[in-house]
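Here are some worked exercises on a predicted model. Have the sequence and the 3D view ready, and try each task before reading its solution.

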Amino acid sequence: MSMTITEKILARAAGKERVAAGELINAQVDMIMCHDVTTPPAISMLKEKGIDKVFDPEKIVVTPDHFQPAKDIKSAELHKRLDTWAKEKKLPYYYKIGRAGVCHALLPEQGHIRPGEVIVGGDSHTCTYGAFGAFSTGIGSTDLAAAIATGILWFKVPESMKFVLTGSLSKGVYSKDVVLEVIRRIGTDGALYKAMEFVGPALKEMSMAARMTITNMAIEAGGKNGIIGFDETTKRYLDGRLKGKTDYTVFESDVDAVYSHEDTIDCSSLEPMVAFPNLPSNGKPISECAGEAMDQCYIGSCTNGRIEDFRIAAGIIKGKEVAIRTIIVPTTPRIWKQAIDEGLAEIFYDAGCVVSAPTCGACLGGFMGILAEGEKCVSTTNRNFVGRMGSPKSGVYLASPATAAASAVEGQLTDPRKYL
Amino acid sequence: MAKAHVYKRDHVNTDEIIPARYLNTDDVAELALHCMEDLDTEFMAKHQAGDVIVCGDDFGCGSSREHAVWAIQGANIGVVIAHSFARIFYRNCINCGFYPIELHGALDKINDGDELEIDYKAGTIDNKTQGTKIEFTPLPDFALEIVNDGGLLDHIKNKK
(Lines give C-alpha, C1' and ligand atoms only; values in the text may rest on other atoms or scores of the structure.)
Protein backbone atom coordinates (compact mmCIF):
# COMPACT_ATOMS: atom_id res chain seq x y z
CA MET A 1 0.00 0.00 0.00
CA SER A 2 1.21 3.49 -0.79
CA MET A 3 2.08 6.03 1.90
CA THR A 4 2.46 9.79 2.27
CA ILE A 5 5.71 11.34 3.47
CA THR A 6 4.13 11.87 6.92
CA GLU A 7 3.12 8.20 7.14
CA LYS A 8 6.57 7.04 6.05
CA ILE A 9 8.35 9.12 8.69
CA LEU A 10 5.98 7.94 11.42
CA ALA A 11 6.34 4.31 10.29
CA ARG A 12 10.11 4.63 10.53
CA ALA A 13 9.86 6.20 14.00
CA ALA A 14 7.49 3.46 15.16
CA GLY A 15 9.77 0.73 13.83
CA LYS A 16 7.10 -0.46 11.45
CA GLU A 17 7.05 -1.42 7.83
CA ARG A 18 3.97 0.72 7.24
CA VAL A 19 1.32 2.73 9.08
CA ALA A 20 -2.07 3.99 7.99
CA ALA A 21 -4.07 7.09 8.90
CA GLY A 22 -5.97 6.60 12.16
CA GLU A 23 -3.50 4.09 13.57
CA LEU A 24 -2.16 4.68 17.09
CA ILE A 25 1.60 4.35 17.32
CA ASN A 26 4.42 4.85 19.78
CA ALA A 27 7.06 6.86 17.98
CA GLN A 28 10.70 7.44 18.85
CA VAL A 29 11.32 11.20 19.04
CA ASP A 30 14.48 12.48 17.31
CA MET A 31 14.57 16.07 18.52
CA ILE A 32 12.85 18.06 21.28
CA MET A 33 12.57 21.84 21.36
CA CYS A 34 12.35 23.50 24.79
CA HIS A 35 11.58 27.17 25.57
CA ASP A 36 10.93 29.36 28.59
CA VAL A 37 7.14 29.13 28.91
CA THR A 38 6.25 25.47 28.54
CA THR A 39 9.47 23.73 29.60
CA PRO A 40 9.81 24.97 33.22
CA PRO A 41 6.43 23.38 34.11
CA ALA A 42 7.57 20.15 32.41
CA ILE A 43 10.75 20.17 34.51
CA SER A 44 8.69 20.68 37.68
CA MET A 45 6.36 17.82 36.75
CA LEU A 46 9.28 15.47 36.25
CA LYS A 47 10.79 16.51 39.56
CA GLU A 48 7.48 16.08 41.33
CA LYS A 49 7.04 12.57 39.95
CA GLY A 50 10.61 11.68 40.90
CA ILE A 51 11.69 11.22 37.29
CA ASP A 52 15.20 12.53 36.92
CA LYS A 53 16.17 11.03 33.59
CA VAL A 54 16.76 12.88 30.33
CA PHE A 55 16.49 10.31 27.56
CA ASP A 56 19.23 11.80 25.38
CA PRO A 57 20.85 15.20 26.06
CA GLU A 58 22.02 15.38 22.42
CA LYS A 59 18.41 15.41 21.25
CA ILE A 60 17.23 18.38 23.25
CA VAL A 61 17.63 22.02 22.21
CA VAL A 62 16.89 24.70 24.78
CA THR A 63 16.38 28.40 24.15
CA PRO A 64 14.53 31.00 26.15
CA ASP A 65 12.55 33.13 23.68
CA HIS A 66 9.03 34.12 24.67
CA PHE A 67 9.93 36.55 27.41
CA GLN A 68 13.69 36.89 26.85
CA PRO A 69 15.50 38.88 28.14
CA ALA A 70 13.27 38.47 31.20
CA LYS A 71 10.43 40.98 31.11
CA ASP A 72 9.59 40.81 34.81
CA ILE A 73 10.39 38.95 38.01
CA LYS A 74 8.09 36.04 37.25
CA SER A 75 9.55 35.39 33.82
CA ALA A 76 13.04 35.73 35.33
CA GLU A 77 12.05 32.88 37.65
CA LEU A 78 11.01 30.78 34.63
CA HIS A 79 14.37 31.49 33.00
CA LYS A 80 16.17 30.59 36.19
CA ARG A 81 14.40 27.21 36.36
CA LEU A 82 15.21 26.54 32.70
CA ASP A 83 18.83 27.58 33.16
CA THR A 84 19.35 25.48 36.30
CA TRP A 85 17.91 22.41 34.64
CA ALA A 86 19.82 22.78 31.35
CA LYS A 87 23.10 23.14 33.25
CA GLU A 88 22.34 20.32 35.68
CA LYS A 89 21.56 17.97 32.80
CA LYS A 90 24.60 19.24 30.89
CA LEU A 91 22.56 19.79 27.75
CA PRO A 92 25.03 20.55 24.95
CA TYR A 93 22.54 22.59 22.90
CA TYR A 94 21.46 25.14 25.46
CA TYR A 95 21.37 28.62 23.91
CA LYS A 96 21.82 31.12 26.71
CA ILE A 97 20.68 34.71 26.39
CA GLY A 98 23.05 36.32 23.91
CA ARG A 99 22.88 33.20 21.73
CA ALA A 100 19.17 32.52 22.30
CA GLY A 101 16.58 33.33 19.67
CA VAL A 102 13.00 32.72 18.61
CA CYS A 103 12.97 28.92 18.66
CA HIS A 104 11.59 28.20 15.20
CA ALA A 105 14.10 30.53 13.57
CA LEU A 106 17.00 29.43 15.77
CA LEU A 107 16.81 25.63 15.50
CA PRO A 108 16.97 25.44 11.68
CA GLU A 109 19.57 28.23 11.52
CA GLN A 110 21.80 26.43 14.02
CA GLY A 111 21.53 23.10 12.20
CA HIS A 112 19.29 21.09 14.53
CA ILE A 113 16.59 20.17 12.02
CA ARG A 114 17.07 17.11 9.82
CA PRO A 115 14.77 15.68 7.15
CA GLY A 116 12.93 12.46 7.94
CA GLU A 117 13.00 12.97 11.70
CA VAL A 118 10.23 13.19 14.29
CA ILE A 119 10.53 16.54 16.04
CA VAL A 120 8.36 17.80 18.89
CA GLY A 121 8.40 21.02 20.82
CA GLY A 122 6.45 22.68 23.61
CA ASP A 123 5.08 25.24 21.21
CA SER A 124 2.27 25.07 18.69
CA HIS A 125 4.40 26.51 15.86
CA THR A 126 6.80 23.56 16.05
CA CYS A 127 5.11 22.55 12.77
CA THR A 128 7.55 25.04 11.15
CA TYR A 129 10.28 22.39 10.84
CA GLY A 130 8.12 20.40 8.42
CA ALA A 131 9.61 22.66 5.73
CA PHE A 132 12.64 20.34 5.88
CA GLY A 133 10.69 17.16 5.12
CA ALA A 134 10.45 16.25 8.81
CA PHE A 135 7.39 15.31 10.86
CA SER A 136 7.17 18.09 13.39
CA THR A 137 4.38 18.98 15.78
CA GLY A 138 3.61 21.07 18.86
CA ILE A 139 2.88 19.49 22.23
CA GLY A 140 1.98 20.64 25.75
CA SER A 141 4.11 20.49 28.87
CA THR A 142 3.06 17.00 29.99
CA ASP A 143 3.88 15.48 26.61
CA LEU A 144 7.10 17.43 26.71
CA ALA A 145 7.95 15.96 30.11
CA ALA A 146 7.19 12.45 28.84
CA ALA A 147 9.29 13.02 25.72
CA ILE A 148 12.23 14.40 27.71
CA ALA A 149 12.16 11.41 30.05
CA THR A 150 11.43 8.58 27.63
CA GLY A 151 12.02 9.82 24.07
CA ILE A 152 8.76 8.18 23.10
CA LEU A 153 5.31 9.66 22.45
CA TRP A 154 2.08 8.17 21.20
CA PHE A 155 0.58 9.60 18.03
CA LYS A 156 -2.48 8.98 15.97
CA VAL A 157 -1.28 8.84 12.37
CA PRO A 158 -2.99 11.81 10.72
CA GLU A 159 -4.84 11.79 7.43
CA SER A 160 -3.04 13.94 4.88
CA MET A 161 -4.30 16.89 2.87
CA LYS A 162 -2.47 17.93 -0.28
CA PHE A 163 -2.04 21.53 -1.40
CA VAL A 164 -0.60 21.93 -4.86
CA LEU A 165 1.06 25.31 -5.36
CA THR A 166 1.14 26.02 -9.08
CA GLY A 167 2.28 28.99 -11.13
CA SER A 168 4.80 31.37 -9.65
CA LEU A 169 4.52 34.27 -7.24
CA SER A 170 4.30 37.66 -8.87
CA LYS A 171 6.28 40.64 -7.63
CA GLY A 172 5.14 41.77 -4.19
CA VAL A 173 3.43 38.48 -3.39
CA TYR A 174 5.11 36.09 -0.96
CA SER A 175 4.71 32.73 0.71
CA LYS A 176 2.86 34.47 3.58
CA ASP A 177 0.16 35.47 1.10
CA VAL A 178 -0.05 31.85 -0.08
CA VAL A 179 -0.55 30.44 3.39
CA LEU A 180 -3.09 33.14 4.30
CA GLU A 181 -5.01 32.14 1.16
CA VAL A 182 -4.87 28.45 2.11
CA ILE A 183 -6.22 29.21 5.61
CA ARG A 184 -8.87 31.53 4.16
CA ARG A 185 -10.09 28.65 2.01
CA ILE A 186 -10.22 25.89 4.61
CA GLY A 187 -10.74 27.82 7.86
CA THR A 188 -8.94 27.69 11.19
CA ASP A 189 -10.07 24.11 11.76
CA GLY A 190 -10.01 23.00 8.12
CA ALA A 191 -7.03 20.77 8.75
CA LEU A 192 -7.90 19.70 12.30
CA TYR A 193 -5.84 16.65 13.31
CA LYS A 194 -4.47 16.40 9.76
CA ALA A 195 -1.15 16.63 7.97
CA MET A 196 -0.92 19.49 5.47
CA GLU A 197 1.42 18.51 2.66
CA PHE A 198 2.53 21.25 0.27
CA VAL A 199 3.79 20.35 -3.19
CA GLY A 200 4.07 21.95 -6.61
CA PRO A 201 6.28 24.04 -8.86
CA ALA A 202 5.80 27.32 -6.98
CA LEU A 203 7.63 25.80 -3.99
CA LYS A 204 10.73 25.19 -6.07
CA GLU A 205 11.25 28.93 -6.32
CA MET A 206 10.89 29.47 -2.59
CA SER A 207 13.80 29.75 -0.15
CA MET A 208 13.81 27.71 3.06
CA ALA A 209 12.74 30.87 4.92
CA ALA A 210 9.75 31.28 2.60
CA ARG A 211 8.83 27.61 3.01
CA MET A 212 9.05 27.85 6.80
CA THR A 213 6.51 30.70 6.69
CA ILE A 214 4.05 28.24 5.11
CA THR A 215 4.59 25.25 7.40
CA ASN A 216 4.72 27.59 10.41
CA MET A 217 1.06 28.47 9.89
CA ALA A 218 -0.24 24.89 9.45
CA ILE A 219 -1.43 25.09 13.06
CA GLU A 220 -3.55 28.14 12.15
CA ALA A 221 -5.66 25.76 10.07
CA GLY A 222 -5.69 23.28 12.96
CA GLY A 223 -3.11 21.02 11.29
CA LYS A 224 -1.09 18.48 13.21
CA ASN A 225 1.90 19.09 10.96
CA GLY A 226 2.79 20.92 7.77
CA ILE A 227 5.28 19.26 5.47
CA ILE A 228 7.27 20.03 2.33
CA GLY A 229 9.44 17.46 0.57
CA PHE A 230 13.23 17.60 0.34
CA ASP A 231 14.91 19.08 -2.73
CA GLU A 232 18.09 20.88 -3.83
CA THR A 233 17.12 24.01 -1.88
CA THR A 234 16.77 21.96 1.31
CA LYS A 235 20.11 20.28 0.68
CA ARG A 236 21.91 23.57 0.05
CA TYR A 237 20.53 24.97 3.31
CA LEU A 238 21.60 21.92 5.32
CA ASP A 239 25.05 21.31 3.83
CA GLY A 240 27.72 22.32 6.32
CA ARG A 241 25.12 23.51 8.82
CA LEU A 242 24.03 20.38 10.70
CA LYS A 243 25.25 19.95 14.25
CA GLY A 244 25.88 16.51 15.74
CA LYS A 245 24.43 13.88 13.45
CA THR A 246 24.97 14.99 9.84
CA ASP A 247 23.28 12.12 8.02
CA TYR A 248 19.55 11.93 7.46
CA THR A 249 16.95 9.98 5.50
CA VAL A 250 14.88 11.56 2.79
CA PHE A 251 11.29 10.37 2.44
CA GLU A 252 8.80 11.27 -0.23
CA SER A 253 5.13 10.58 -0.79
CA ASP A 254 4.24 7.76 -3.14
CA VAL A 255 2.59 8.98 -6.34
CA ASP A 256 -0.57 7.06 -5.48
CA ALA A 257 -0.65 8.03 -1.78
CA VAL A 258 -4.12 8.72 -0.39
CA TYR A 259 -5.24 12.23 0.61
CA SER A 260 -8.44 13.24 2.37
CA HIS A 261 -8.49 16.56 0.53
CA GLU A 262 -6.70 18.05 -2.45
CA ASP A 263 -6.61 21.68 -3.47
CA THR A 264 -4.69 23.71 -6.01
CA ILE A 265 -3.54 27.26 -5.40
CA ASP A 266 -2.54 29.18 -8.49
CA CYS A 267 0.18 31.40 -7.03
CA SER A 268 0.33 33.57 -10.18
CA SER A 269 -3.19 34.81 -9.51
CA LEU A 270 -2.65 35.76 -5.86
CA GLU A 271 -2.32 39.30 -4.59
CA PRO A 272 -1.00 40.43 -1.21
CA MET A 273 -3.32 39.25 1.56
CA VAL A 274 -4.26 40.66 4.96
CA ALA A 275 -6.00 38.53 7.62
CA PHE A 276 -8.35 40.74 9.63
CA PRO A 277 -9.14 40.28 13.34
CA ASN A 278 -9.88 37.93 14.99
CA LEU A 279 -9.05 34.82 12.98
CA PRO A 280 -6.16 33.95 10.66
CA SER A 281 -8.81 32.75 8.19
CA ASN A 282 -10.21 36.28 7.73
CA GLY A 283 -7.93 36.91 4.78
CA LYS A 284 -8.73 39.64 2.27
CA PRO A 285 -6.83 40.63 -0.85
CA ILE A 286 -5.15 44.02 -0.40
CA SER A 287 -7.23 45.50 -3.23
CA GLU A 288 -10.29 45.09 -0.99
CA CYS A 289 -8.84 46.49 2.21
CA ALA A 290 -6.14 49.06 1.42
CA GLY A 291 -6.63 52.31 3.31
CA GLU A 292 -7.58 50.86 6.70
CA ALA A 293 -5.73 53.01 9.26
CA MET A 294 -3.11 51.34 11.49
CA ASP A 295 -1.38 52.42 14.72
CA GLN A 296 1.55 50.01 14.76
CA CYS A 297 3.59 47.82 12.46
CA TYR A 298 5.37 44.73 13.78
CA ILE A 299 7.92 42.86 11.67
CA GLY A 300 9.31 39.75 13.33
CA SER A 301 8.27 36.35 14.78
CA CYS A 302 8.84 32.72 13.87
CA THR A 303 6.63 33.28 10.82
CA ASN A 304 8.42 36.22 9.21
CA GLY A 305 11.40 37.37 11.25
CA ARG A 306 14.28 35.99 9.18
CA ILE A 307 16.91 37.96 7.30
CA GLU A 308 15.07 37.64 3.97
CA ASP A 309 12.05 39.26 5.61
CA PHE A 310 14.06 42.24 6.83
CA ARG A 311 15.70 42.68 3.44
CA ILE A 312 12.27 42.87 1.85
CA ALA A 313 10.99 45.31 4.49
CA ALA A 314 14.11 47.49 4.32
CA GLY A 315 13.84 47.62 0.53
CA ILE A 316 10.45 49.28 0.91
CA ILE A 317 11.20 51.47 3.93
CA LYS A 318 14.59 52.76 2.67
CA GLY A 319 14.76 56.53 2.45
CA LYS A 320 11.28 57.05 3.88
CA GLU A 321 9.90 57.97 7.28
CA VAL A 322 7.43 55.53 8.84
CA ALA A 323 4.05 57.05 9.66
CA ILE A 324 3.27 54.77 12.61
CA ARG A 325 5.38 53.18 15.34
CA THR A 326 7.24 50.34 13.71
CA ILE A 327 8.88 47.55 15.67
CA ILE A 328 11.50 45.40 13.99
CA VAL A 329 12.46 42.19 15.79
CA PRO A 330 15.26 40.07 14.27
CA THR A 331 14.58 36.56 15.59
CA THR A 332 18.10 35.31 16.28
CA PRO A 333 21.40 36.95 17.26
CA ARG A 334 22.84 35.99 13.86
CA ILE A 335 19.96 37.66 12.02
CA TRP A 336 20.32 40.68 14.30
CA LYS A 337 24.01 40.93 13.37
CA GLN A 338 23.27 40.39 9.69
CA ALA A 339 20.73 43.20 9.82
CA ILE A 340 23.46 45.48 11.13
CA ASP A 341 26.20 44.23 8.79
CA GLU A 342 23.99 44.57 5.73
CA GLY A 343 22.95 48.09 6.65
CA LEU A 344 19.32 47.15 7.23
CA ALA A 345 19.35 48.32 10.84
CA GLU A 346 20.52 51.72 9.66
CA ILE A 347 17.72 51.94 7.12
CA PHE A 348 15.22 51.13 9.87
CA TYR A 349 16.83 53.65 12.24
CA ASP A 350 16.77 56.38 9.58
CA ALA A 351 13.09 55.69 8.93
CA GLY A 352 12.21 55.99 12.61
CA CYS A 353 11.67 52.32 13.43
CA VAL A 354 12.75 50.67 16.66
CA VAL A 355 14.93 47.56 16.30
CA SER A 356 14.85 45.18 19.26
CA ALA A 357 16.78 42.12 20.40
CA PRO A 358 15.46 38.66 19.48
CA THR A 359 12.29 37.71 21.37
CA CYS A 360 8.78 36.36 20.74
CA GLY A 361 7.70 39.32 22.87
CA ALA A 362 4.79 41.22 21.43
CA CYS A 363 3.63 38.55 18.97
CA LEU A 364 1.85 36.84 21.83
CA GLY A 365 1.14 39.96 23.86
CA GLY A 366 4.12 39.40 26.12
CA PHE A 367 6.10 42.64 25.96
CA MET A 368 8.03 44.95 23.61
CA GLY A 369 5.14 46.28 21.56
CA ILE A 370 1.83 45.72 23.39
CA LEU A 371 -1.31 47.33 21.95
CA ALA A 372 -3.62 49.71 23.84
CA GLU A 373 -7.41 49.57 23.63
CA GLY A 374 -8.67 50.42 20.16
CA GLU A 375 -5.28 50.16 18.49
CA LYS A 376 -4.62 48.29 15.28
CA CYS A 377 -1.38 46.58 14.31
CA VAL A 378 -0.31 45.28 10.92
CA SER A 379 1.90 42.37 11.82
CA THR A 380 3.99 39.70 10.12
CA THR A 381 3.08 37.23 12.89
CA ASN A 382 0.74 34.24 12.75
CA ARG A 383 -2.22 34.86 15.04
CA ASN A 384 -4.77 37.62 15.39
CA PHE A 385 -7.03 36.22 18.10
CA VAL A 386 -8.79 38.52 20.55
CA GLY A 387 -6.17 40.23 22.72
CA ARG A 388 -3.30 38.44 21.01
CA MET A 389 -0.95 41.42 21.08
CA GLY A 390 -2.39 43.31 24.00
CA SER A 391 -5.76 44.80 24.90
CA PRO A 392 -8.73 42.51 24.13
CA LYS A 393 -10.06 45.58 22.32
CA SER A 394 -7.09 45.89 19.98
CA GLY A 395 -6.81 44.32 16.53
CA VAL A 396 -4.06 42.42 14.69
CA TYR A 397 -3.85 42.38 10.88
CA LEU A 398 -1.64 39.59 9.56
CA ALA A 399 0.40 40.28 6.45
CA SER A 400 3.72 39.72 4.69
CA PRO A 401 6.80 41.78 5.59
CA ALA A 402 6.34 43.74 2.34
CA THR A 403 2.72 44.62 3.07
CA ALA A 404 3.59 45.44 6.68
CA ALA A 405 6.48 47.69 5.61
CA ALA A 406 4.42 49.53 2.97
CA SER A 407 1.63 49.96 5.53
CA ALA A 408 4.15 51.38 8.03
CA VAL A 409 5.21 53.98 5.49
CA GLU A 410 1.64 55.10 4.84
CA GLY A 411 0.11 54.43 8.25
CA GLN A 412 -2.63 52.41 6.64
CA LEU A 413 -2.96 49.02 4.93
CA THR A 414 -1.07 49.48 1.70
CA ASP A 415 -0.37 47.42 -1.40
CA PRO A 416 3.41 46.88 -1.33
CA ARG A 417 3.62 46.54 -5.11
CA LYS A 418 3.57 50.29 -5.56
CA TYR A 419 6.92 50.46 -3.73
CA LEU A 420 8.63 47.67 -5.67
CA MET B 1 -25.47 19.13 39.96
CA ALA B 2 -23.43 21.16 37.51
CA LYS B 3 -24.54 24.36 35.86
CA ALA B 4 -23.84 25.01 32.17
CA HIS B 5 -22.08 28.18 31.07
CA VAL B 6 -22.81 28.34 27.37
CA TYR B 7 -20.79 30.41 24.90
CA LYS B 8 -22.31 30.28 21.43
CA ARG B 9 -18.93 30.57 19.82
CA ASP B 10 -16.59 28.55 17.64
CA HIS B 11 -12.78 28.79 17.86
CA VAL B 12 -12.59 29.83 21.51
CA ASN B 13 -8.81 29.99 21.62
CA THR B 14 -6.11 29.60 24.22
CA ASP B 15 -5.49 33.35 24.24
CA GLU B 16 -9.05 33.81 25.49
CA ILE B 17 -8.86 30.92 27.94
CA ILE B 18 -5.61 32.17 29.48
CA PRO B 19 -4.06 35.30 27.93
CA ALA B 20 -0.31 35.16 27.33
CA ARG B 21 0.21 38.14 29.62
CA TYR B 22 -0.27 35.66 32.49
CA LEU B 23 2.07 33.00 31.14
CA ASN B 24 4.95 34.30 33.21
CA THR B 25 3.77 31.85 35.86
CA ASP B 26 2.73 28.21 35.94
CA ASP B 27 1.13 28.51 39.37
CA VAL B 28 -2.27 26.91 38.84
CA ALA B 29 -4.08 28.97 41.49
CA GLU B 30 -2.80 32.16 39.91
CA LEU B 31 -3.66 31.07 36.38
CA ALA B 32 -7.16 30.13 37.53
CA LEU B 33 -7.81 33.73 38.60
CA HIS B 34 -7.72 34.69 34.90
CA CYS B 35 -9.57 31.70 33.47
CA MET B 36 -11.60 32.68 30.37
CA GLU B 37 -10.81 36.34 31.11
CA ASP B 38 -10.64 37.61 27.53
CA LEU B 39 -13.87 35.81 26.61
CA ASP B 40 -15.93 36.70 29.66
CA THR B 41 -14.56 38.92 32.42
CA GLU B 42 -17.44 37.81 34.69
CA PHE B 43 -16.69 34.11 34.36
CA MET B 44 -14.65 33.65 37.52
CA ALA B 45 -17.24 35.50 39.62
CA LYS B 46 -20.27 33.62 38.36
CA HIS B 47 -19.25 29.97 38.17
CA GLN B 48 -19.30 27.35 40.93
CA ALA B 49 -17.00 24.38 41.44
CA GLY B 50 -17.98 21.53 39.16
CA ASP B 51 -19.73 23.73 36.59
CA VAL B 52 -19.56 23.05 32.88
CA ILE B 53 -18.36 25.15 29.93
CA VAL B 54 -20.23 24.54 26.67
CA CYS B 55 -18.96 25.79 23.28
CA GLY B 56 -19.08 25.15 19.55
CA ASP B 57 -16.35 23.97 17.23
CA ASP B 58 -12.57 23.99 17.65
CA PHE B 59 -12.42 24.79 21.38
CA GLY B 60 -8.88 25.48 22.58
CA CYS B 61 -7.35 26.33 19.22
CA GLY B 62 -4.07 28.23 19.06
CA SER B 63 -1.16 27.84 21.42
CA SER B 64 0.14 24.57 22.88
CA ARG B 65 0.07 26.16 26.34
CA GLU B 66 -1.14 23.55 28.81
CA HIS B 67 -1.73 26.55 31.06
CA ALA B 68 -5.16 26.72 29.38
CA VAL B 69 -6.10 23.32 30.80
CA TRP B 70 -4.51 24.13 34.17
CA ALA B 71 -6.49 27.40 34.39
CA ILE B 72 -9.74 25.52 33.73
CA GLN B 73 -8.81 22.78 36.19
CA GLY B 74 -7.68 25.37 38.73
CA ALA B 75 -11.02 27.16 38.38
CA ASN B 76 -12.63 23.82 39.36
CA ILE B 77 -14.53 23.46 36.11
CA GLY B 78 -15.93 19.94 36.00
CA VAL B 79 -15.83 19.44 32.26
CA VAL B 80 -15.76 21.26 28.93
CA ILE B 81 -18.32 20.17 26.34
CA ALA B 82 -17.66 21.29 22.77
CA HIS B 83 -18.71 20.36 19.24
CA SER B 84 -15.03 19.71 18.59
CA PHE B 85 -11.67 20.43 20.17
CA ALA B 86 -8.40 21.68 18.75
CA ARG B 87 -5.85 18.90 18.65
CA ILE B 88 -3.18 20.04 21.10
CA PHE B 89 -5.74 21.25 23.67
CA TYR B 90 -7.59 17.92 23.49
CA ARG B 91 -4.38 15.98 24.00
CA ASN B 92 -3.34 18.28 26.85
CA CYS B 93 -6.70 17.63 28.59
CA ILE B 94 -6.14 13.89 28.51
CA ASN B 95 -2.53 14.28 29.61
CA CYS B 96 -3.74 16.34 32.61
CA GLY B 97 -6.41 13.82 33.53
CA PHE B 98 -9.21 16.20 32.48
CA TYR B 99 -12.13 14.72 30.54
CA PRO B 100 -13.10 16.64 27.36
CA ILE B 101 -16.58 15.79 26.04
CA GLU B 102 -16.93 16.02 22.28
CA LEU B 103 -20.61 16.49 21.45
CA HIS B 104 -21.79 17.69 18.07
CA GLY B 105 -24.82 19.93 18.39
CA ALA B 106 -24.16 20.65 22.07
CA LEU B 107 -25.20 24.28 21.58
CA ASP B 108 -28.67 23.13 20.44
CA LYS B 109 -29.10 20.74 23.34
CA ILE B 110 -27.82 22.77 26.27
CA ASN B 111 -28.84 26.32 27.22
CA ASP B 112 -27.00 28.72 29.45
CA GLY B 113 -27.88 27.95 33.06
CA ASP B 114 -29.13 24.40 32.43
CA GLU B 115 -28.47 21.94 35.26
CA LEU B 116 -26.59 18.87 34.04
CA GLU B 117 -25.75 15.50 35.49
CA ILE B 118 -23.03 13.62 33.62
CA ASP B 119 -22.38 9.89 33.59
CA TYR B 120 -18.90 9.54 32.10
CA LYS B 121 -18.98 5.76 32.02
CA ALA B 122 -22.30 5.49 30.25
CA GLY B 123 -21.63 8.52 28.06
CA THR B 124 -24.83 10.35 28.97
CA ILE B 125 -25.71 13.89 30.02
CA ASP B 126 -28.94 14.28 31.95
CA ASN B 127 -30.21 17.78 31.22
CA LYS B 128 -32.36 18.24 34.34
CA THR B 129 -33.62 21.66 33.28
CA GLN B 130 -34.91 20.53 29.91
CA GLY B 131 -35.73 16.97 31.00
CA THR B 132 -33.67 15.47 28.19
CA LYS B 133 -31.03 12.80 28.04
CA ILE B 134 -28.09 13.45 25.71
CA GLU B 135 -25.66 10.78 24.59
CA PHE B 136 -22.00 11.33 23.83
CA THR B 137 -19.25 8.98 22.72
CA PRO B 138 -17.04 8.25 25.73
CA LEU B 139 -13.27 8.62 25.38
CA PRO B 140 -11.52 5.68 23.72
CA ASP B 141 -10.09 3.16 26.21
CA PHE B 142 -6.45 4.17 25.94
CA ALA B 143 -7.31 7.82 26.63
CA LEU B 144 -9.69 6.89 29.42
CA GLU B 145 -6.92 4.89 31.06
CA ILE B 146 -4.67 7.96 31.05
CA VAL B 147 -7.46 10.18 32.46
CA ASN B 148 -8.30 7.63 35.16
CA ASP B 149 -4.63 7.42 36.14
CA GLY B 150 -4.73 11.19 36.70
CA GLY B 151 -2.73 12.08 33.61
CA LEU B 152 0.06 10.88 31.35
CA LEU B 153 2.98 10.97 33.80
CA ASP B 154 1.16 8.97 36.46
CA HIS B 155 0.01 6.65 33.72
CA ILE B 156 3.62 6.07 32.64
CA LYS B 157 4.65 5.51 36.27
CA ASN B 158 1.78 3.10 36.89
CA LYS B 159 2.73 1.06 33.86
CA LYS B 160 6.27 0.54 35.06
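Which residue in E6(B) stands opposite Glu117(B)?

**Solution.** Glu117(B) has Asp126(B) of E6(B) opposite it. Before going on, please note the conventions: residues are numbered from 1 along each chain as its sequence is written, while chains are lettered from A and ligands numbered from 1 in the order in which they are written. The model is predicted, with local features needing pLDDT of at least 70 and side-chain atom pairs counting only at pLDDT 80 or more, whereas totals for chains, interfaces and linings use all residues.

**Exercise 1.** Trace the strands around that pair in chain B.

**Solution.** 
- Step 1. Strand E5 (residues 115-119) and strand E6 (residues 124-127) of chain B run antiparallel and are joined by four bridges. Strands here are DSSP runs (E, at least two residues), as helices are (H or I, at least four), numbered from the N terminus; two strands pair if DSSP finds at least two bridges between them.
- Step 2. Another residue facing E6(B) is Leu116(B), opposite Asn127(B).
- Step 3. Four residues lie between the strands in the hairpin of E5(B) and E6(B), where Gly123(B) has a positive phi near 75°.
- Step 4. E6(B) is also joined by four bridges to strand E7 (residues 132-135) of chain B, and these two run antiparallel. Here Ile125(B) has Ile134(B) as its bridge partner.
- Step 5. The hairpin of E6(B) and E7(B) has four residues between the strands, and Gly131(B) takes a positive phi near 70°.

**Exercise 2.** Describe how H11(A) and H14(A) pack.

**Solution.** 
- Step 1. Helix H11 (residues 307-317) and helix H14 (residues 401-410) of chain A have axes 8 Å apart, at an angle of about 30°. Axes are lines fitted to C-alpha atoms over the stretch in contact, and angles run from 0 to 180 degrees between N-to-C directions.
- Step 2. H11(A) and H14(A) are therefore roughly parallel (under 35 degrees; over 145 is roughly antiparallel, 65 to 115 roughly perpendicular, the rest oblique).
- Step 3. Residues of H11(A) in the contact include Ile312(A) and Ile316(A), and those of H14(A) include Ala405(A) and Val409(A). Contact means C-beta atoms, placed from the backbone, within 7 Å.
- Step 4. The residues of this contact comprise eleven nonpolar, no polar and one charged. Nonpolar covers Ala, Val, Leu, Ile, Met, Phe, Trp, Tyr, Cys and Pro, charged covers Asp, Glu, Lys and Arg, and the others, Gly among them, are polar.

**Exercise 3.** Is Phe135(A) buried or exposed?

**Solution.** 
- Step 1. Phe135(A) lies in strand E6 (residues 135-138) of chain A.
- Step 2. Phe135(A) counts as buried because it has 29 C-beta neighbours inside 10 Å (buried takes 20 or more other C-beta atoms within 10 Å, exposed 12 or fewer, partly exposed in between).
- Step 3. Among the residues that Phe135(A) touches are Ile9(A), Leu10(A) and Ile227(A).

Methods. Two residues are in contact if their C-beta atoms, placed from the backbone, lie within 7 Å. Lists of a residue's contacts leave out its neighbours within four places in sequence.
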